[in-house]
Amino acid sequence: MVKSRASKAEPINRYMFTGYSEGTVELIESDKVLTMSLFSFKNQWFVYIETEEELVCPCEFVRGDMIPFPDGKGWHRMPDIFHFSKPLSIEHWARKNKEHVPGLSIVYLRPEMISRYIFFHYQLQEERHGKCGLKYCIIFLLGNQLVMYTETPSEEDTEPYPGLLDTHNTPKDWDAAMEPCFKPWEDGFVGWKTTSKVKSI
């Protein structure tokens, strides 16, 4: 059952943008950003941003000669489709380990399995939020491409909050539920591949 309650705006917004460039892409330091990381995978670039601002434009924080998408934009926002935890306050979201290392992994879904993947992950997010020891892990989607932002070492979430579901339907065998969703890579591998981190601020 979905709980009915008014939503409260989060104190920190988390964004992932992606774009393409054959050249160099660089981060631009800004007082608007709490933390930011840049990653590359072949000629595709990803920038993860945490900020108190809403509706940010990545061109404020990233410099590069981007290849336009068909709509003319240099960057596209990837919506958040899953997170283990969410920022409850600036204090709650502060990293205990200042030497944490951001990471990004990528995988492609079978197009016919996108709804299945999101459905199961929404259940997990709202039924077991904050209980997996991966406080800052978050997954974004664009088309059938998934990217997962993580930080090492991982941190436990110590501040509980109510989820939006009262159900208990998350599959017990999670790997068996997820494996059919993934599209094999060209080399036959099925699963997540790690991208290269370029820089963090």
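Which residue takes a positive phi in the hairpin of S3 and S4? Hold that thought for a moment.

First, what we are looking at. This is a predicted model. The average pLDDT of the protein is 90, and 94% of the residues score at least 70. Residues 1-8 have a pLDDT below 50. That stretch makes 15 contacts in the model beyond near neighbours in sequence.

Now to strand S3, residues 33-41. Eight of its nine residues are buried, so S3 is largely enclosed by the rest of the structure. Who pairs with S3? Take strand S4, residues 44-51. The two run antiparallel, with eight bridges between them. Look at Met36: opposite Ile49 of S4. Two residues separate the strands in this hairpin. And here is our answer: Lys42 has the positive phi, near 60°.

S3 has another partner, strand S12, residues 196-200. That pairing is antiparallel too, over four bridges. Find Leu38, and its bridge partner in S12 is Lys199.

Next, helix H2. It covers residues 114-127, so count 14 residues. From first C-alpha to last, H2 reaches 20 Å. That is close to the 20 Å expected at 1.5 Å a residue.

Which residues of H2 are buried? Ile114, Tyr117, Phe120 and His121 are. Gln123, Leu124, Gln125, Glu126 and Glu127 are buried as well. What covers them?

Methods. Residues are numbered from 1 along each chain as its sequence is written. This is a predicted model: local features need pLDDT of at least 70, side-chain atom pairs count only at pLDDT 80 or more; totals for chains, interfaces and linings use all residues. Side-chain values use heavy atoms; hydrogens and water are left out. The expected span of a helix is 1.5 Å times one less than its number of residues. Buried means under 20% relative accessible area, exposed over 50%, partly exposed in between (1.4 Å probe, protein chains only). pLDDT is the predictor's confidence in each residue, from 0 to 100. Contact means heavy atoms within 4.5 Å. Two strands pair if DSSP finds at least two bridges between them.
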